[in-house]
Amino acid sequence: MTVTPAAPAAQTAADFTPEQLDLRDRARRFVEEVLIPNEELAERAGRKIPDELKQRIRREAIDARLSGGLHAVEHGGQGWSKVEWFLVEEQLGRSTNALSWHMPGAYNVLGSGSPEQIERYLKPALRGELHDAYAVTEAEAGSDPSRIATTARRTDAGWTIDGEKWFVTYGDVASVYIVMANALVDGEETSRRGGHGPPLAQRRPTLFLVDRGLDGIEVVDDPPFSHTYPHGHPTIRFNGVEVGDDAVIGGVGGGDDLQRSWFTEERIGIAARGVGSMWRLIEDTTAWAIEREQGGNRIIDYQGVSFPLADSATDAAAGRLLALEVARLADAGADPKVVHAKASMAKLFVSEAANRCADRCLQIFGGRGYMRTNVAERFYRELRVDRIWEGTSEIQRLIVARALERRGVERTLH
């Protein structure tokens with residue numbers, strides 16, 4: 001079903017500045033004119049699209065000032081607030097097949113790099129000249145980073161990294177890997193409870209920037225996944241990879257703080273995109289339900305169709321309010337631990353609500369909904385991973401429960 005662009009939202013929204021509304025509308029035009037028309041092409045091609053389309057997405061994203069949003073202007077980014085970033089991510093969430101992954105960007109970690117690291121990695125990434133990939137998950141350390149077994153041993157020349165990372169998104173196209181490892185100094189042993197990594201007292205979680213071309217890097221698996229996205233999530237092994245001191249980003253032992261900031265940001269982004277996904281699903285499905293007739297009536301007149309749409313609209317509206325509130329708190333400089341808990345709430349609620357929404361909408365489309373050319377079918381596959389990556393729903397519940405205990409009910413809720 002071809003999406004029909006809705007009329008632009010009113011420009012007098014009291015909660016946003018004229019500049020923010022303009023940014024939102026630029027993002028909406030980009031999604032509706034560049035991304036959505038090419039979703040079926042990407043799906044039918046099994047995620048591969050022509051090089052000229054990739055270049056068009058990069059070029060038009062840069063021209064529309066939509067790339068590198070949260071990064072500093074002096075580094076080639078846009079310097080957006082979290083609220084502004086939310087408005088853009090919400091629009092990007094309305095498209096399927098992750099065509100937006102061809103837009104220039106970089107993980108927030110690179111913004112904490114040295115001047116040399118910023119020149120070498122961040123600025124080229126925001127120009128669309130290279131890609132980074134975050135390598136944190138392991139076979140025995142998924143949602144629990146404290147179980148990471150990858151080590152970086154001190155040497156006279158710098159560090160030697162050994163370990164295996166799973167689900168390295170963009171790992172098949174990245175020029176540099178952001179690798180989480182436990183830094184070991186002065187012959188520290190690597191045994192601990194369960195045999196995974198160093199003792200807790202010796203754990204110095206550290207992020208390293210590892211060039212893909214270094215010796216000892218091996219892609220050991222590149223598995224297919226449910227979604228049809230342009231880049232993979234391969235398993236990468238680091239066998240005695242030698243890096244210098246200039247590969248450390250954020251200081252030795254500073255990995256947890258940088259990663260916590262990354263998780264918070266990623267969870268807000270997942271919530272924002274999930275809200276956009278629900279918007280698109282409800283929009284297309286409502287249009288279909290109004291048009292489609294069964295038994296002499298429009299199917300929207302049957303409660304079996306209208307009620308699931310009403311429930312989905314309620315989920316989408318509630319999720320949007322929650323995610324926007326988290327973005328505003330982050331912009332206001334609220335307690336990072338409270339923001340972290342609320343970001344977990346937003347990811348938890350929206351990711352699960354969006355899955356419910358996709359299931360309902362696919363059902364309303366009936367047999368058509370099971371076709372890969374249908375937006376509901378694509379979202380049904382694509383949204384499932386949002387309940388898993390950047391911390392499973394179960395991990396988000398643990399974070400929220402701990403916030404209730406440590407920060408108190410009122411601070412967690414209000």
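This is a predicted model: local features need pLDDT of at least 70, side-chain atom pairs count only at pLDDT 80 or more; totals for chains, interfaces and linings use all residues.
1. Aromatic pairs. The whole structure holds 12 aromatic pairs. In one of them, the ring centres of Tyr 107 and Tyr 170 lie 6.3 Å apart. Their planes meet at 65°, so this pair is edge-to-face.

2. What the tyrosine pair joins. Tyr 107 sits in the loop between α4 (82-92) and α5 (115-126). Tyr 170 sits in the loop between β3 (159-165) and β4 (176-184). The pair therefore ties together parts that are 63 residues apart in sequence. Tyr 107 has 12% relative accessibility, so it counts as buried. Tyr 170 is also at 12% and counts as buried.

3. A tilted pair. Trp 262 and Phe 263 pair at 4.8 Å centre to centre, with 40° between the planes. That pair is tilted. Trp 262 and Phe 263 are both buried.

4. The cluster. Both pairs belong to one aromatic cluster: Trp 101, Tyr 107, Tyr 134, Tyr 170, Tyr 229, Trp 262 and Phe 263.

5. A charge over a ring. The charged end of Arg 94 sits over the ring of Trp 279. The distance to the ring centre is 4.5 Å.

6. Strand β3 and its neighbours. In β3, 5 of the 7 residues are buried, so the strand is largely enclosed by the rest of the structure. Strand β2 (residues 151-154) pairs with β3 in the antiparallel sense, over 4 bridges. Thr 151 has Asp 162 of β3 as its bridge partner. Strand β7 (residues 235-243) also runs antiparallel to β3, joined by 6 bridges. Here Ile 161 partners Val 241 of β7.

7. The hairpin turn. The hairpin of β2 and β3 has 4 residues between its strands. Gly 158 takes a positive phi there, near 150°.

Methods:
Residues are numbered from 1 along each chain as its sequence is written. Side-chain values use heavy atoms; hydrogens and water are left out. Rings of Phe, Tyr and Trp (its six-membered ring) pair if their centres lie within 6.5 Å; planes under 30 degrees apart count as stacked, over 60 as edge-to-face and the rest as tilted. Helices (H or I, at least four residues) and strands (E, at least two) are DSSP runs, numbered from the N terminus. Buried means under 20% relative accessible area, exposed over 50%, partly exposed in between (1.4 Å probe, protein chains only). A charge sits over a ring if NZ of Lys or CZ of Arg is within 6 Å of the ring centre and within 35 degrees of the ring normal. Two strands pair if DSSP finds at least two bridges between them.
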